[in-house]
Amino acid sequence: MENVFHSVLSFRKRKVESAPGNEWYYTTLEELKEIFEFVLNGTEPISELRKPEGNDEDYSI
């Protein structure tokens, strides 16, 4: 879950580049709740995302 938060916040350009560590982000509790709820309710588990049967094309997630 930590990786999900880091990825989403980095994508949203919330990373604090001038911070002394590597895990500092500008965010709010509301934004973190929004990300958490989306992960719980809005996506399939990664294990469920796989190449469809009969398709030889490169398939990535």
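**Reading the salt bridges of a predicted model**

Arginine 12 counts as partly exposed, at 29% relative accessibility.

Q: Which cut-offs separate buried, partly exposed and exposed residues?
A: Buried means under 20% relative accessible area, exposed over 50%, and partly exposed in between (1.4 Å probe, protein chains only). This is a predicted model, in which local features need pLDDT of at least 70 and side-chain atom pairs count only at pLDDT 80 or more, while totals for chains, interfaces and linings use all residues. Residues are numbered from 1 along each chain as its sequence is written, and side-chain values use heavy atoms, with hydrogens and water left out.

Q: How many salt bridges does the structure hold?
A: A salt bridge is a side-chain nitrogen of Lys or Arg within 4 Å of a carboxyl oxygen of Asp or Glu. The structure holds three. One of them joins the side chains of glutamate 31 and arginine 12 (2.9 Å, N to O). Glutamate 31 lies in helix α2 (residues 29–41) and arginine 12 in the loop between α1 and α2, so this pair ties together parts 19 residues apart in sequence. Helices (H or I, at least four residues) and strands (E, at least two) are DSSP runs, numbered from the N terminus.

Q: Is glutamate 31 buried or exposed?
A: Glutamate 31 counts as buried, at 7% relative accessibility.
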